[in-house]
Amino acid sequence: MDKNNELKEIIVHFVGQDDNVKIEPLGKGHINDSFKVRSNGKEYVLQRINHHIFKNVDQLQHNIFRVTGHIRTKLKERGETDIDRKVLSIVPTYNGELYYKDENGNFWRMMDFINDSKSYDEINPVLAYRAGMAFGDFQQMLADLPGDPLFETIPNFHNMEARLETFRESVKNDRVGRLKEVADLVSEIELRAEEMCKAERLHRENLLPKRTNHCDTKVNNILFDEEDNVLCVVDLDTVMPGYVLSDFGDFIRTGANTGAEDDQELDNVSVDMAIFEGYTKGYLQKTALFLTEIEIENLAFGAKLLTYMQAVRFFTDYIDGDIYYKIAYPNHNLVRTKAQFKLLQSLEENFEEMQQIVSKAAGH
Ligand code: GN1
Ligand code: MG
């Protein structure tokens with residue numbers, strides 16, 4: 001059976017039989033497979049969830065169900081209109097399940113497609129300000145999520161100590177013999193290791209709380225409308241407890257990079273301070289009232305941390321022989337590592353100024 005027919009069989013479980021259904025690939029995710037589906041005049045997003053990475057799809061889908069339900073309620077309370085474009089809506093299966101498991105053990109889910117929306121890989125300071133407000137608002141709306149904390153869909157996801165442990169294990173094993181060419185980069189990572197574990201230490205000392213975080217605040221996980229107003233925050237697989245500095249940092253890592261995440265031309269890569277400033281102002285406008293001093297003081301550190309963490313994660317995958325991230329060419333993970341490391345150096349050079357911007361935007 002060809003791929004499209006296979007997908008048609010899956011779609012039946014969500015929207016019923018439709019011989020005229022249209023399916024096309026969607027997005028640039030490194031983990032899940034996404035498709036845009038058009039059936040009976042409606043558009044949807046169909047995704048195959050990577051269950052080797054998200055090992056408990058049931059918990060994951062329940063997290064998303066709770067989070068989107070809570071945001072929907074908040075938007076209604078505020079009197080917002082057009083709510084279906086401002087929060088994701090899960091399309092359940094005919095059996096009322098939040099996902100479908102096929103006979104090969106693959107997990108599928110469907111959501112409504114948000115019409116007339118776009119995402120950006122590169123933005124300007126005005127859009128950055130709006131994005132800051134959007135992710136700040138997202139955290140604020142979820143601050144009073146009732147019930148138990150969300151499941152950790154990937155345990156220790158943004159835990160730097162755990163990431164370094166895994167990295168060191170990979171370096172020790174050198175499974176595919178790649179280590180000899182990259183020894184210098186290993187030293188650069190180790191040089192910064194202690195500094196980068198600061199968030200975990202602050203948490204153990206009860207100085208840094210965990211809140212409901214998005215944990216994948218990439219710039220292209222925000223949808224804008226035709227007038228460039230923010231519509232919706234998407235990609236909720238990793239919504240779970242975490243440090244706010246980590247959500248702040250991951251946006252800067254992706255949105256304030258003058259180059260690409262995997263730029264081969266390292267001269268393209270640096271931090272765009274105008275975007276940093278725009279995002280910081282928008283973010284603090286929404287969050288300054290509930291964040292603690294320590295959280296605010298460590299936002300700029302979060303930008304360094306998440307960039308470092310991403311370098312370590314890409315590097316670990318390169319050393320392991322490319323088993324986690326989708327790659328487009330053989331040394332893609334090494335190219336990504338070097339580009340992230342270059343961005344980290346630029347963040348280090350601009351750190352003082354970043355701290356001043358945060359402190360000014362927080363009204364200090
Ligand atoms: C992955 O697949 P995507 O693009 O949503 C990864 C993020 C990384 C990102 C790097 C579950 O996200 O943590 O920051 O790639 N997601 C997972 O671009 O590992
Ligand atoms: Mg993601």
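Just past helix α10, Gly321 adopts a positive phi of about 95 degrees. Helices here are DSSP runs of H or I with at least four residues, and strands are runs of E with at least two, numbered from the N terminus. The model is predicted, so local features need pLDDT of at least 70 and side-chain atom pairs count only at pLDDT 80 or more, while totals for chains, interfaces and linings use all residues. Residues are numbered from 1 along each chain as its sequence is written, and side-chain values use heavy atoms, with hydrogens and water left out.

Helix α10 itself covers residues 299-320. At 1.5 Å a residue (times one less than the number of residues), its 22 residues should span 32 Å, and the end C-alpha atoms agree at 31 Å apart. The helix is largely enclosed by the rest of the structure, because 22 of its 22 residues are buried. Buried means under 20% relative accessible area, exposed over 50% and partly exposed in between, with a 1.4 Å probe and protein chains only.

Over in strand β7 (residues 211-213) sits Asn213, which is buried at a relative accessible area of 0%.

As for disulfides (cysteine sulfur pairs within 2.5 Å), the count comes to zero. The sulfur of Cys197 lies 17 Å from the closest cysteine sulfur, in Cys215, too far for a bond. Cys232 is in no disulfide either, with the sulfur of Cys215 the nearest at 17 Å. Both are buried, Cys197 at 9% and Cys232 at 2% relative accessible area.

Note on methods. Chains are lettered from A and ligands numbered from 1 in the order in which they are written.
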